[in-house]
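This note is intended for a colleague who is meeting the structure for the first time. Please read the numbered points beside the sequence and the model.

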Amino acid sequence: MGEDKSDVLQGTLDLMVLKTLESMRSLHGYGIARRIEQVSNETIRLNQGSIYPALLRLEQRGWIKSEWGTSDNNRRAKYYSLSRIGRKQIEKETENWERIATTMARFLTTSR
């Protein structure tokens, strides 16, 4: 990540990947990273050391599934999509994130 780019808080990358796959249906790792950067208005910059461990972790949990395919530039690529369990997990992860954001907002406003 560059100096001006925000670090991704632990646990938020998983939700960003799940939401990206929910909206894009199926995408390879590089495409997922670029989509997250695009949606964040380039405030988040992901490298391979961030996105691929997250994809492996999510696949091991059964939240996403993968299959090999051919990319737009005619290269072999692993495409990821949400599993049925992953679709249910988005709701849990969203509720958790909203709880954390509400708690942090409370701290930020009461500490002034």
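The points below treat the basis of the model, the fold, the core and the salt bridges.

1. Basis. The model is predicted: local features need pLDDT of at least 70, side-chain atom pairs count only at pLDDT 80 or more, and totals for chains, interfaces and linings use all residues. Residues are numbered from 1 along each chain as its sequence is written, and side-chain values use heavy atoms, with hydrogens and water left out.

2. Fold. Four helices and three strands are found in the chain, in the order α-β-α-α-β-β-α along the sequence. Helices (H or I, at least four residues) and strands (E, at least two) are DSSP runs, numbered from the N terminus. Along the principal axes, the C-alpha atoms fill a box of roughly 55 × 35 × 20 Å.

3. Of the 112 residues in the chain, 32% are buried; buried means under 20% relative accessible area, exposed over 50%, and partly exposed in between (1.4 Å probe, protein chains only). Among contacts (heavy atoms within 4.5 Å) with a separation of 6 or more, 48% join residues 24 or more positions apart.

4. Nonpolar core. The largest nonpolar core holds 19 residues, of which Val17, Leu21, Ile32, Ile36, Ile51 and Ile64 touch the most other members. The elements giving two or more residues to this core are α1 (12-24), α2 (29-39), α3 (48-60) and β3 (76-82). Such a core is a set of buried Ala, Val, Leu, Ile, Met, Phe, Trp, Tyr and Cys residues joined through side-chain atoms within 4.5 Å. Beyond its neighbours within four places in sequence, Ile64 has contacts that include Leu18, Leu21, Leu55, Leu58, Tyr80 and Leu82.

5. Glu22 is partly exposed at 36% relative accessible area, and Lys19 is partly exposed at 39%.

6. A salt-bridge network. Which residues are linked in a network of salt bridges? They are Arg34, Glu37, Glu42 and Arg45. Arg45 pairs with Glu37, the closest N and O atoms being 3.0 Å apart, and with Glu42, where that distance is 3.5 Å. Glu37 is buried, with a relative accessible area of 2%, whereas Arg45 is partly exposed at 34% and Glu42 is partly exposed at 36%.

Note on methods:
A salt bridge is a side-chain nitrogen of Lys or Arg within 4 Å of a carboxyl oxygen of Asp or Glu.
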